[in-house]
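Let's go through this one by asking what stands behind each label. Here is the structure first.

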Amino acid sequence: MSPTPGDDLRVVIDADFKRESQTRYAELRTQGPLHQVRLSSGLDAWLVVGHAAAREALTHPDLRKDPEPASGALAAAGFVLHRAGAGLGGNMLESDPPEHTRLRRIVSGAFTPKRTAGLFPSVERIADELLDALPPLGQADLVPSYTAPLPARVIARLLGVPEEEHENFRVWSRAALQVSLPEHKDALANVQALLRGLIEAKRARPTDDLLSDLVAARDKDDSQLSEDELMGTALLLMIAGHETTVNLLGNSLLALLRHPDQLQLLRERPDLVPGAVEEFLRYDPSVELTTYRYAAQDLVLAGSTLPRGSLVVVSLPSAARDLPLPDGRPTDELDVTRSAARHLSFGHGIHHCLGAPLARLEAVIALQTLLRRLPRLDLLALSSDLPWISTGMMRGVLTLPVRYEQSA
């Protein structure tokens, strides 16, 4: 990536920025839809903050997932390239057509509407089990006790991860997505080792789960799925397939605790929860920055010229707040009754999240169950004091201490 004059004035997307990111994004939007920034990983990038520019970037034919044009800058920053056989690579999220098309087709059968709907009883059972296990004294941190383990158990069961590995899986997968953390590489290696063992176990004794299906696709015909792609696809499903939902649940509950009138409205009208989930996705998405895209050649984006090798990320929270709402109300207002809350929180174009129906199902069940089982819920800390994920692509609250009463 070519250097930029006035580099000391470049916006830095660090922990301080992320603590007040919506305010900072709003300031950037007044200056334009596209900005040069330095990411917490140390990489320089173009940050898209406008909604129209975000849609353009997410579908631009010359913004691709192949990191080769930016390989020099990535290597200099000590970055693990996400390509087959390394990092989180070898999966559809880090691939371009035709590889992306082939890999997505293999996985898509696991996320059909029928199969997703069939998970309803399992998700509901997990939600009830977690709430049954809450301390009887009426105080708990909902992140480790509810919002984090629920999606982790769902995806672990879908993949066929043994129950005794669920906690390791949850801890390692969170760190594996935060490339700036010192433990990132160790966590990624631990998840890969866990998956290698599971893949060999499924080869020896297949079971009724998604990982066994992927192993069968790999072993039946090498042209469908290489060994590296099998590992990369399993990694994507294991990590990205649940961490996004962890943060969606935490952010949604925090939004409700900050807006007691909206919380009460959902208690009185649980039928509003499916639509409210779309509003939570718009209001405070669980993905702050999209995965990297690289300029395959010189190109123009939102009126700016980007040289070949430029790295581009899209701020989904900023894009959501830039879209005018049909009712004409301010975009920074939370309204769980809002109809058709449009957002890009599951992406746009060929990389639109394949697991979006499962994430929506989990969020609806988790919120409806909690609101039914806990008729009183109060935050035990100032919302401004709560810690957030400070690096990487995810946006999520790390702790949610509450006081509650359980229903009889």
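Q: What makes two strands count as a pair?
A: Two strands pair if DSSP finds at least two bridges between them. Strands are DSSP runs of E with at least two residues, and helices are runs of H or I with at least four, numbered from the N terminus. This is a predicted model, where local features need pLDDT of at least 70, side-chain atom pairs count only at pLDDT 80 or more, and totals for chains, interfaces and linings use all residues. Residues are numbered from 1 along each chain as its sequence is written, and side-chain values use heavy atoms, with hydrogens and water left out.

Q: How do you know that β1 and β2 are paired?
A: Strand β1 (residues 11-13) and strand β2 (residues 34-39) are joined by 3 bridges, and they run parallel. With at least two bridges required, that counts as a pair. Look at isoleucine 13: its bridge partner in β2 is leucine 39.

Q: What joins β2 to β3?
A: There are 5 bridges between β2 and strand β3 (residues 44-48), and the two run antiparallel. Leucine 34 stands opposite valine 48 in β3, while valine 37 has alanine 45 as its bridge partner there. The two strands form a hairpin with 4 residues between them, and glycine 42 in the turn has a positive phi of about 95°.

Q: Which sheet do these strands belong to?
A: They sit in an open sheet of 6 strands, in the order β1-β2-β3-β9-β6-β4, with mixed pairing. At the edges stand β1 and β4 (63-64), each with a single partner strand, so one side of each has no neighbour in the sheet. Further along, β3 pairs with strand β9 (residues 311-314) in the parallel sense over 3 bridges, and valine 48 stands opposite valine 314 in β9. As for β4, 2 bridges pair it with strand β6 (residues 293-295) in the antiparallel sense.

Q: Why is β3 called largely enclosed?
A: Because 4 of its 5 residues are buried, β3 is largely enclosed by the rest of the structure. Here buried means under 20% relative accessible area, exposed means over 50%, and partly exposed is in between (1.4 Å probe, protein chains only).

Q: What is the order of the strands in the open sheet of 3?
A: That order is β5-β11-β10, with antiparallel pairing. Both β5 (139-141) and β10 (376-379) are at the edges with a single partner strand each, so one side of each is left without a neighbour in the sheet. The twist from one strand to the next averages 30°. Between β10 and strand β11 (residues 401-405) there are 4 bridges, and leucine 377 has tyrosine 404 in β11 as its bridge partner.

Q: Why is threonine 399 called buried?
A: Its relative accessible area is 18%, so threonine 399 falls on the buried side of the cut-off. You'll find threonine 399 in the loop between β10 and β11. Leaving out residues up to four places away in sequence, threonine 399 touches Asp141, Val143, Leu386 and Pro387, where contact means heavy atoms within 4.5 Å.

Q: What makes the buried residues of α14 lie on the same side?
A: In helix α14 (residues 260-268), the buried ones are Gln262, Leu263, Leu266 and Arg267. They cover an arc of only 145° around the axis, so they are on the same side of α14; the arc is that of the directions from the helix axis to the C-beta atoms. Asp261 and Glu268, on the other side, are exposed. The buried residues pack against α13 (227-258), α15 (273-283), α17 (356-373) and β10.

Q: Why are α7 and α9 called oblique?
A: Helix α7 (residues 120-132) and helix α9 (residues 149-159) pack at an angle of about 140°, with their axes 10 Å apart. Axes are lines fitted to C-alpha atoms, for helices over the stretch in contact, and angles run from 0 to 180 degrees between N-to-C directions. Under 35 degrees counts as roughly parallel, over 145 as roughly antiparallel, 65 to 115 as roughly perpendicular, and the rest as oblique. So α7 and α9 are oblique to each other.
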